[in-house]
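This report looks at aromatic pairs and at charges placed over rings. The sequence and structure come next.

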Amino acid sequence: MIRQASINDRQVIESFDPFSGSREQDIKEDRVFIYVEEGEPCGFISMAKLLGRPYVQYLAVRPAAQRNGVASCLLEFIEEKHNQQRLFISTESDNAPMKTLLSKRAYVPAGEISGANITGTNELYFYKDNPY
């Protein structure tokens, strides 16, 4: 099940959130959705705007739940929510599982920013035109 995150979910989200900063403000702004399995949040997606278009700002899955379709379900949920809109997402150039997922879900490469990440990796951008 996917539902909107509440402030009560913040601590559990942050227990598996690999990104810097807190999702507290995103949750307060109703931009975070969580995938819940057996009553426990095991993945989340946070939305923002990029050039006025929907942008997946963060997508993370609890390590024990990875490679079980959670990220794909979260993306499908957002794709349906933002029907008939071009949806953007990005990932680090060395994130092979995410690049594979985006390819399977028919995301198209849109460009990259060299050395954008603290690790020195490039940030790759993708988009998808939603037919929903």
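Is Phe19 buried, partly exposed or exposed? The model is predicted, and in it Phe19 has a relative accessible area of 31%. Buried means under 20% and exposed over 50%, so a value in between counts as partly exposed. Phe19 is therefore partly exposed.

Tyr58 has a relative accessibility of 17%. That value makes Tyr58 buried, because the cut-off is under 20%.

## Phe19 and Tyr58

The whole structure holds five aromatic pairs. One of them joins Phe19 and Tyr58: the ring centres are 4.9 Å apart and the planes meet at 50 degrees, so the pair is tilted. Phe19 sits in the loop between helix 1 (10-16) and helix 2 (24-28), while Tyr58 belongs to strand 4 (residues 53-61). The two parts are 39 residues apart in sequence, so the pair ties them together.

Tyr58 has a charged neighbour too. Arg23 lies over the face of Tyr58, 3.9 Å from the ring centre.

## Phe88 and Tyr127

Phe88 and Tyr127 also form an aromatic pair. Their centres are 6.1 Å apart, with 45 degrees between the planes. This pair is tilted.

Phe88 is in strand 5 (residues 86-92) and Tyr127 in strand 7 (residues 123-129). The pair links distant parts of the chain, 39 residues apart. Both Phe88 and Tyr127 are buried.

Which residue lies over the face of Tyr127? Arg86 does, at 3.9 Å from the ring centre.

Methods:
Residues are numbered from 1 along each chain as its sequence is written. This is a predicted model: local features need pLDDT of at least 70, side-chain atom pairs count only at pLDDT 80 or more; totals for chains, interfaces and linings use all residues. Side-chain values use heavy atoms; hydrogens and water are left out. Rings of Phe, Tyr and Trp (its six-membered ring) pair if their centres lie within 6.5 Å; planes under 30 degrees apart count as stacked, over 60 as edge-to-face and the rest as tilted. Helices (H or I, at least four residues) and strands (E, at least two) are DSSP runs, numbered from the N terminus. Buried means under 20% relative accessible area, exposed over 50%, partly exposed in between (1.4 Å probe, protein chains only). A charge sits over a ring if NZ of Lys or CZ of Arg is within 6 Å of the ring centre and within 35 degrees of the ring normal.
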